[in-house]
Amino acid sequence: MAVQRVVISGASSGLGLALARYYLEQGAMVGVLARRADCLQDLSKQFPQQVYCYPLDVRDSAAVQAAAQSFIARAGVPDIVIANAGISVGTLTEYAEDIDVFQQMMDINMLGVIKTFQPFLVPMREAGQGLLVGIASVAGFRGLPGAGAYSSSKAALISYMESLRVELRGSGMRVVTICPGYIKTPMTAVNPYAMPFILSADEAARRIARAIASGSSFAVVPWQMGFVGHVLKLLPNYLYDFVFSRAPRKPRKLL
């Protein structure tokens, strides 16, 4: 399928920005959704006539629906919608102030994906084509200590994407779940531990775009982290608990 129109959430920095640049360099018309309007405008200046900017928060379903209607009216029904917006900070249940962080993590990382897909789904299904891509994480394979909010939000997203894939079977659309490992972004810059097989945002974007184009419904990027994730899922609980109870944890931060 020749990619002509792409919509990407969380496109103002990190992986989302790298994905937007990748598709823009391929000549696509790209709708970019993010909270930082200044970054979106900078991207628009670099790729005039190709970028449609929508400064918004993916938690605001009305704003996302308005952006979807605008993009379809101006550029047409998208070929690909990538729900990439996400946040990651450490959380601990013992702190009452972290309850709000848990809420925000689920609202953005999980419900934000649904709100991003929803206004595009019917037009894409009526067109009989298109891809809905959810950016999950290897962190969703098992619960990581100190990252209960992040791991649970990504685990929920993986399950949701599978449900959606089955629901849309035979519609002409495809649903793709991407589980990245470590990527060099502001979110990982604070991690106080080794990050094996870490990729630059640009390299991760190239590999993810290849995985999307490959026809696969599920991909881990890089593939080495897929092997690591598979091993972790096979570990019995007593061994997993013994190893990871001693692991460094992501710093907590109020959002």
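I looked up Phe197 and found it partly exposed, because its relative accessible area is 41%. The cut-offs I used are under 20% relative accessible area for buried, over 50% for exposed, and partly exposed in between, with a 1.4 Å probe and protein chains only. This is a predicted model, where local features need pLDDT of at least 70, side-chain atom pairs count only at pLDDT 80 or more, and totals for chains, interfaces and linings use all residues. Residues are numbered from 1 along each chain as its sequence is written, and side-chain values use heavy atoms, with hydrogens and water left out.

Phe197 is not a glycine, yet its phi is positive, about 60°. I placed Phe197 in the loop between β7 (183–184) and β8 (199–200). Helices (H or I, at least four residues) and strands (E, at least two) are DSSP runs, numbered from the N terminus.

Why note such angles? Most residues other than glycine have a negative phi, and most peptide bonds are trans.

I then checked Gln49. Its phi is also positive, near 75°, and Gln49 is not a glycine. Gln49 sits in the loop between α2 (37–46) and β3 (51–55). Gln49 counts as exposed because its relative accessibility is 71%.

Next I checked a peptide bond. The one from Val221 to Pro222 is cis, with omega near -5°. Pro222 belongs to the loop between β9 (218–221) and α7 (223–234).

**Aromatic pairs**

I counted five aromatic pairs. Rings of Phe, Tyr and Trp (its six-membered ring) pair if their centres lie within 6.5 Å; planes under 30 degrees apart count as stacked, over 60 as edge-to-face and the rest as tilted. Among the pairs, Tyr182 and Tyr193 have ring centres 6.4 Å apart and planes at 55°, so I logged a tilted pair. Tyr182 lies in the loop between β6 (174–180) and β7, and Tyr193 in the loop between β7 and β8, so the pair ties together parts 11 residues apart in sequence. Tyr182 is partly exposed at 23%. Tyr193 is partly exposed at 24%.

For Tyr240 and Phe244, the centres are 4.6 Å apart and the planes at 25°, so this pair is stacked. Both lie in helix α8, four residues apart, about one turn of the helix. Both Tyr240 and Phe244 are buried.

**Phe242 on helix α8**

I found Phe242 in helix α8 (residues 237–244). Phe242 counts as partly exposed because its relative accessibility is 49%. Tyr238, Leu239, Phe242 and Val243 form a nonpolar surface patch, with about 420 Å² of accessible area together.

I turned to Asn84, in the loop between β4 (80–83) and α4 (98–127). Asn84 counts as buried because its relative accessibility is 11%. A polar atom of the Asn84 side chain lies 3.2 Å from the backbone oxygen of Gly10. Leaving aside neighbours within four places in sequence, Asn84 is in contact (heavy atoms within 4.5 Å) with residues including Ile8, Leu15 and Ile135.

I followed Ile8 into strand β1 (residues 5–9). Ile8 is buried, with a relative accessible area of 0%. Beyond its neighbours within four places in sequence, Ile8 is in contact with residues including Tyr23, Val32, Ile82 and Asn84. I also noted Ile8 and Ala85: 77 residues apart in sequence, but 8.3 Å apart in space, C-alpha to C-alpha.

Notes: A polar contact is a pair of N or O atoms within 3.5 Å; within protein, one must be able to donate a hydrogen and the other to accept it, and residues adjacent in sequence count only if both atoms are side-chain atoms. Patches are made of residues with over 30% relative accessible area and no salt bridge: like charges are joined within 9 Å, nonpolar side chains (Val, Leu, Ile, Met, Phe, Trp, Tyr) within 5 Å. Accessible areas come from the Shrake-Rupley method with a 1.4 Å probe; for residues, only the protein chains shown count as cover. A salt bridge is a side-chain nitrogen of Lys or Arg within 4 Å of a carboxyl oxygen of Asp or Glu.
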